Amino acid sequence: MGHAGRSVRGTLIRSGGYRTGMNVPDSKDRSESDLVAARRAKLERWRADLGIDPWGSRVDGLVSLLEARSRFDEAAADAVDADPPPAEDPRPCATVAGRIVQHRAMGKLCFMVLRDESGDLQVSCSKADLDAASFKLASKVDYGDIVVASGPVGRTKRGEICIWADRFEVHCKSLAPPPEKYHGLTDAEQRYRRRYVDMYTTPETMETFHRRCEIVSATRRFMERHGFIEVETPMMQSVAGGAAARPFTTHHNALDIDLYLRIAPELYLKRLLVGGMRKVFEINRNFRNEGIDRRHNPEFTMMEAYQAFGDCESVLELTESLLRELAGGVLPYGELEIDYAKPFDRVTHADLFERTHGCVMTDETAVRSLAAAKGLKDAATRNHWLLVEALFGEAEDAIDPARPTWVTDFPAALSPLTRPHADDPTLAWRAELFIGGMELGNFYTELNDPDIQRARFTDQLAGINDEEAAFRSLDNDFLEALLVGMPPAGGFGLGIDRVVMLMTNQTSIRDVILFPLLRPEGVE
RNA sequence: GAUCGCGUAGCUCAGUCGGUAGAGCAACCGCCUUUUAAGCGGUAGGUCCUGGGUUCGAGUCCCAGCGCGAUCACCA
């Protein structure tokens, strides 16, 4: 399409709709409710009768509602109430902005509660203190409008701390009907789909996401304090390596190649160790094309870190101390009380397996008959260690969810990127952390022997089906890097969303992700 | 993918045994200078998720579908 054609069309659209200033295009066609129509009409009345621009402008000198409240001065408030009152108002002033979450107009006086990120504060408007237009506006504003008010910080007869407005302006007219002012949005679907409404009507939501920001920030500071540097590695990869999960596929047009959204950054972070970085970490999104439930979102945030000349034990200790610092003691999680101060429990994979199933995981015959008894498919023919893995899910459930627990010494066959024990090559230097019934992450002494690594990849590729083969191919460049030489290292991946769940007592991952994935609705 | 639950006004929710679609808040009109989910009087507001079926009659019962939630399964 040519430029001329586009610009002609653009002109037509503009002159036809916006310039007339009347009800913006097809407000009726969109079957907007009467409630929206009422708000549009009010907006036009404000423009016509009060000469007000309801879309606002820059405001300098704003303070948060919390800051304004903190300026309240009891003595000054008492002085104003005295008879006679002082010649000069001794109360400190403030200019604030916020969204209206309550509004009570009573003739020549009106009260409203403003909300911002810091909290709520009442603004009181007396007809005597404001010019006629501002008072009219103050008594007619709607739940959801964004307003600016200034005046002395005082209190009402009932003792409510408030701003007695001598300036009142609307800086954004909310046209959408707000939720019920007391219950807010309670429907989970609506809370996720219209998060912007949930955030201002449900203070707990705002608190949770502020807390998430603090946790991520504290985690970064912790890692930097321990000498790690933060890096960014590719999200689009031509080989989706570093974990076992189905990836999302995309395509680069100019290169005409398919790419995968990463399922893990591991193989790139290890290349950085080869290049000479000693301690690196990355906090960013991974994408896995798997199911969605209370603990899984297709895109989720992971911290991965690698420490040259460390090992599984050193990164495990590092993480335990990070979580201890973030939690600061005992935290509730659902029905549980989780103590992060005490040293975390430890159990070996083999012991946990035996304790749960009453048989030794290395006993192939016993494992096969157990698998058959549990009704697992291909119990007689499937790889012995894959059966062990399938049976391990039940063992995970046997871990006390109230006790942070390390499961150590995973089977080497299930840990292709991990260094095996020197004295028992069936075991690997790999641990997983479980808290609150969730897997929080994986911890390794990294495999840096290029020959064993190539053999592991090759073994792995031998046993896969066509679908897996489509995205799981040998990352030759990574093997080249190991030939150049990667120092011995400890490394780990920690699920940040799940850490946030534990720290904020949210039992659904959707409540710690601002915009969790839902099936799209109303997309045109 | 399986099972169970939910879907009624903008929001929060009632709706009995199958018999004219309800309340509160919000909105609109009016009153009100100390409210705290303000109060009082009045007005308006419905694709009962969608499509079939049973029935004289369906928000209600049955079937299918859609969306969401929970549990399970899957998820080196």
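Which backbone nitrogen lies 3.1 Å from a polar atom of the side chain of Asp475? I looked this up and found the backbone nitrogen of Phe478.

**Entry 1: ground rules**

I am working on a predicted model, where local features need pLDDT of at least 70, side-chain atom pairs count only at pLDDT 80 or more, and totals for chains, interfaces and linings use all residues. Residues are numbered from 1 along each chain as its sequence is written, chains are lettered from A and ligands numbered from 1 in the order in which they are written, and side-chain values use heavy atoms, with hydrogens and water left out.

**Entry 2: Asp475**

I placed Asp475 in the loop between helix H15 (466–471) and helix H16 (476–484). Helices (H or I, at least four residues) and strands (E, at least two) are DSSP runs, numbered from the N terminus. Asp475 counts as buried at 9% relative accessibility. I use buried for under 20% relative accessible area, exposed for over 50% and partly exposed for in between (1.4 Å probe, protein chains only).

The side chain of Asp475 also makes a polar contact of 3.1 Å with the side chain of Arg271. A polar contact is a pair of N or O atoms within 3.5 Å; within protein, one must be able to donate a hydrogen and the other to accept it, and residues adjacent in sequence count only if both atoms are side-chain atoms. Leaving aside neighbours within four places in sequence, I list Val239, Leu267 and Arg271 in contact with Asp475. Contact means heavy atoms within 4.5 Å.

**Entry 3: backbone exceptions**

Most residues other than glycine have a negative phi, and most peptide bonds are trans. I therefore noted the departures from that pattern.

The peptide bond joining Asp83 and Pro84 is cis, with omega about 0 degrees. I find Pro84 in the loop between helix H4 (74–81) and strand E1 (93–106).

Asp409 has a positive phi, near 55 degrees. Asp409 sits in the loop between strand E16 (405–408) and strand E17 (430–435), and is buried, with a relative accessible area of 17%.

Asn505 has a positive phi too, near 60 degrees. Asn505 belongs to the segment after helix H17 (496–504) and is partly exposed, at a relative accessible area of 32%.

**Entry 4: the eight-stranded sheet**

I traced an open sheet of eight strands in the order E7-E11-E12-E19-E18-E17-E16-E15, with mixed pairing. Its edge strands are strand E7 (229–230) and strand E15 (345–348), each pairing on one side only. Two strands pair if DSSP finds at least two bridges between them.

I then followed E12 (residues 299–308), where nine of the 10 residues are buried. Strand E11 (residues 279–287) runs antiparallel to E12, with nine bridges joining them. I checked two bridges here: Asn284 has Met302 in E12 as its partner, and Glu282 has Glu304 in E12. E12 is joined to strand E19 (residues 489–495) by seven bridges, again antiparallel. In that pairing, Gln307 stands opposite Gly490 in E19.

**Entry 5: helices on the sheet**

Helix H8 (residues 203–225) lies across E7, E11, E12 and E19 and runs at about 150 degrees to E11. Helix H10 (residues 312–327) lies across E12, E15, E16, E17, strand E18 (438–445) and E19, at about 35 degrees to E19. Axes are lines fitted to C-alpha atoms, for helices over the stretch in contact, and angles run from 0 to 180 degrees between N-to-C directions.

How do H8 and H17 cross, and at roughly what angle? Their axes come within 10 Å and cross at roughly 120 degrees. H8 and H17 are therefore oblique to each other: angles under 35 degrees count as roughly parallel, over 145 as roughly antiparallel, 65 to 115 as roughly perpendicular and the rest as oblique. I list Thr208, Arg211, Arg212, Ile215 and Val216 of H8 as making the contact with Ile496, Asp497, Val499, Val500, Met503 and Thr504 of H17.

**Entry 6: strand E3**

In strand E3 (residues 119–126), six of the eight residues are buried. Strand E2 (residues 109–116) pairs with E3 in the antiparallel sense over eight bridges, and a hairpin joins E2 to E3 through two residues. I find Cys110 opposite Cys125 in E3.

E3 is also joined to strand E5 (residues 161–164) by three bridges, and these two strands run parallel. Here Gln122 stands opposite Cys162 in E5.
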